[in-house]
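Please keep the sequence and the structure at hand while reading.

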Amino acid sequence: MRMGRVIGNVWATRKEDGLSGLKLLIVQPIDAHGNSIQSHMVAADRIGAGVGDEVLITSGGSSRFILPKENPIPIDAVIIGIIDSTEVKRGDIHESSDRND
């Protein structure tokens, strides 16, 4: 799993049948402190995330099985959670962040 911030939407009126009903969002991966890392990606969303939300993303083969079907769908990343808060302990420093401020 990785953390990311939703930075945009993708609209595709014509797409693979298995993608019908899935919202596609542009997600910028972030580190534990909210800093951007890596390149942005497109992730499928079924849980109602929106622009500005910080989210949990899973990618790879397991993301293809988010729908209860026998056939996997053609996606590489899926949003599996919206982050409410994080807590990071580094050495003597303890940081906590409420993501909904």
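Leaving aside its neighbours within four places in sequence, which residues is Val6 in contact with? In this predicted model, Val6 is in contact with Leu25, Ile26, Val27, Ala49, Gly50, Val51, Gly52, Asp53, Val55 and Ile79, once neighbours within four places in sequence are set aside.

**Nonpolar cores**
- Val6 belongs to the largest nonpolar core, which has 10 residues and also includes Leu25, Val27, Met41, Ala43, Ala49, Val55, Ile57, Ala77 and Ile79.
- Two or more residues of this core come from each of strand 2, strand 3, strand 4 and strand 5.
- Apart from this core lies another one, of seven residues, with Leu24, Ala44, Ile75 and Val78 among them.
- As general background, nonpolar side chains in soluble globular proteins tend to be buried together.

**Strand 3 and its partners**
- Strand 3 is mostly covered, in that four of its five residues are buried.
- Strand 2 (residues 23-30) and strand 3 run antiparallel and are joined by five bridges, and within this arrangement Lys23 stands opposite Asp45 of strand 3.
- Strand 3 also pairs with strand 5, here in the parallel sense and over two bridges, with Ala44 standing opposite Val78 of strand 5.

**Asp45**
- Asp45 is found in strand 3, which covers residues 41-45, and its relative accessible area is 3%, so it counts as buried, the cut-off being under 20%.
- The side chain of Asp45 reaches the backbone nitrogen of Gly48 at 3.2 Å.
- When neighbours within four places in sequence are left aside, Asp45 is in contact with Leu22, Lys23, Leu25 and Ile79; of these, Lys23 is the residue that stands opposite Asp45, while Leu25 and Ile79 are members of the largest nonpolar core.

**Ser63 in its loop**
- Ser63 is found in the loop between strand 4 (54-59) and strand 5 (77-82), and although this is a loop position, Ser63 is buried, with a relative accessible area of 0%.
- Not counting residues up to four places away in sequence, Ser63 touches Thr58, Ile75, Asp76, Ala77 and Val78.
- Among these contacts of Ser63, Ala77 belongs to the largest nonpolar core, whereas Ile75 and Val78 belong to the other core, of seven residues.
- Ser63 and Pro74 lie 11 residues apart in sequence, and their C-alpha atoms are 9.0 Å apart in space.

Note on methods
Residues are numbered from 1 along each chain as its sequence is written. This is a predicted model: local features need pLDDT of at least 70, side-chain atom pairs count only at pLDDT 80 or more; totals for chains, interfaces and linings use all residues. Side-chain values use heavy atoms; hydrogens and water are left out. Buried means under 20% relative accessible area, exposed over 50%, partly exposed in between (1.4 Å probe, protein chains only). Contact means heavy atoms within 4.5 Å. A polar contact is a pair of N or O atoms within 3.5 Å; within protein, one must be able to donate a hydrogen and the other to accept it, and residues adjacent in sequence count only if both atoms are side-chain atoms. Two strands pair if DSSP finds at least two bridges between them. A nonpolar core is a set of buried Ala, Val, Leu, Ile, Met, Phe, Trp, Tyr and Cys residues joined through side-chain atoms within 4.5 Å.
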